[in-house]
Structure formats: C-alpha cells, structure tokens
Amino acid sequence: SLPLVMQHLFVLLKYWSLVAYGLCELAIEVMWQWEIIANLADVTVEGGYDVTARGLCLLMLVAHWCYWLAPLISAGVCCDSFSATKAEHAEVAEDAASCLPTPHAEEDRIL
C-alpha cells in the first residue's frame with residue numbers, strides 16, 4: 001500500500017515543521033483508510049487472499065485509530081472524564097507503591 005509507505009517516509013518532515021508533518025500524515029492516513037475501506041469487500045478467500053487478510057485489514061484500521069486518538073485522549077480533547085490532575089496521578093502512584101513488597105518482605109516470610 002503506497003500511502004502506508006509514504007506515511008513512514010514523511011516522518012523526517014517533523015524535524016522541519018511539526019504542523020506540516022501532522023497535516024501530511026493526516027492526509028496520507030485518510031488516503032490509506034479510504035483505500036482499505038474501499039477494497040475491504042474484495043479481500044476474500046475467493047479473491048485470492050488468505051483467510052486472515054480481512055481481519056488483519058480491520059485490525060490495522062483499529063490500530064491506526066488508536067494511534068491517532070491516543071494524543072487527543074491524553075490531551076483531554078476527546079474525553080474530559082479521562083483526564084486526571086497531577087494530584088490524582090500522585091494518589092494512584094502512592095496506592096500502587098503501598099502494594100509493592102518491601103525489600104526484606106521475602107526474607108521475613110521465609111524465616
């Protein structure tokens with residue numbers, strides 16, 4: 001798929017202009033997804049493709065949506081309920097740290 005190859009070639013553009021890189025990647029991503037969705041009906045065993053090809057195409061679409069949604073979610077653009085404050089992150093980290101065994105806990109249990 002040419003758009004997928006182009007997408008990986010344009011990565012160096014981000015060192016010149018982050019905005020140009022983002023716009024090029026988005027345009028190429030739209031072309032690639034359009035190509036996949038338009039040809040999905042032809043990706044069948046009868047069409048000469050492997051049994052797993054259609055599922056892999058759909059999995060790639062999901063993976064690319066996750067790739068594009070991750071920065072939006074982490075920035076709080078998509079869902080404000082998912083964004084946490086620094087205090088909430090610190091509280092979760094403290095709770096997780098309290099569950100960890102102490103360095104001598106293994107020795108105390110053996111004795």
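Predicted model: local features only at pLDDT ≥ 70, side-chain atom pairs only at ≥ 80, totals over all residues.
With 51% relative accessibility, Tyr 67 counts as exposed, because the cut-off is over 50%.

Show both rings. A pair of aromatic rings is described by the distance of the centres and the angle of the planes. For Tyr 67 and Trp 68, the centres lie 5.9 Å apart and the planes stand at 90°. That makes the pair edge-to-face. How many aromatic pairs does a search of the whole structure find? One.

Next, colour helix 3, residues 53–75, and helix 2, residues 18–39. The two pack with their axes 11 Å apart, at an angle of about 155°. Helix 2 and helix 3 are therefore roughly antiparallel, since an angle over 145 degrees counts as such. Their crossing is left-handed.

Which residues meet here? Select these two sets:

- Helix 2 side: Tyr 21, Gly 22, Glu 25, Leu 26, Glu 29, Trp 32, Gln 33, Ile 36 and Ile 37.
- Helix 3 side: Cys 57, Met 60, Leu 61, His 64, Trp 65, Tyr 67 and Trp 68.

Colour the contact by residue class: eleven are nonpolar, three polar and two charged. Tyr 67 and Trp 68, the aromatic pair, both belong to this contact.

Finally, zoom out to the whole protein. There are five helices and zero strands, and the pattern along the sequence reads α-α-α-α-α. Of the 111 residues, 14% are buried. Among contacts with a separation of 6 or more, 48% join residues 24 or more positions apart.

Key
Residues numbered from 1 in each chain as written. Heavy atoms only, no water. Axes fitted to C-alpha atoms, helices over the stretch in contact; angles between N-to-C directions. Helix = DSSP H or I, 4+ residues; strand = E, 2+ residues; numbered from the N terminus. Parallel < 35°, antiparallel > 145°, perpendicular 65-115°, else oblique. Left-handed = near helix turned anticlockwise from the far one by under 90°. Contact = heavy atoms within 4.5 Å. Nonpolar A, V, L, I, M, F, W, Y, C, P; charged D, E, K, R; others polar. Phe/Tyr/Trp six-rings, centres within 6.5 Å; stacked < 30°, edge-to-face > 60°. Buried < 20%, exposed > 50% of the residue type's maximum accessible area, 1.4 Å probe, protein only.
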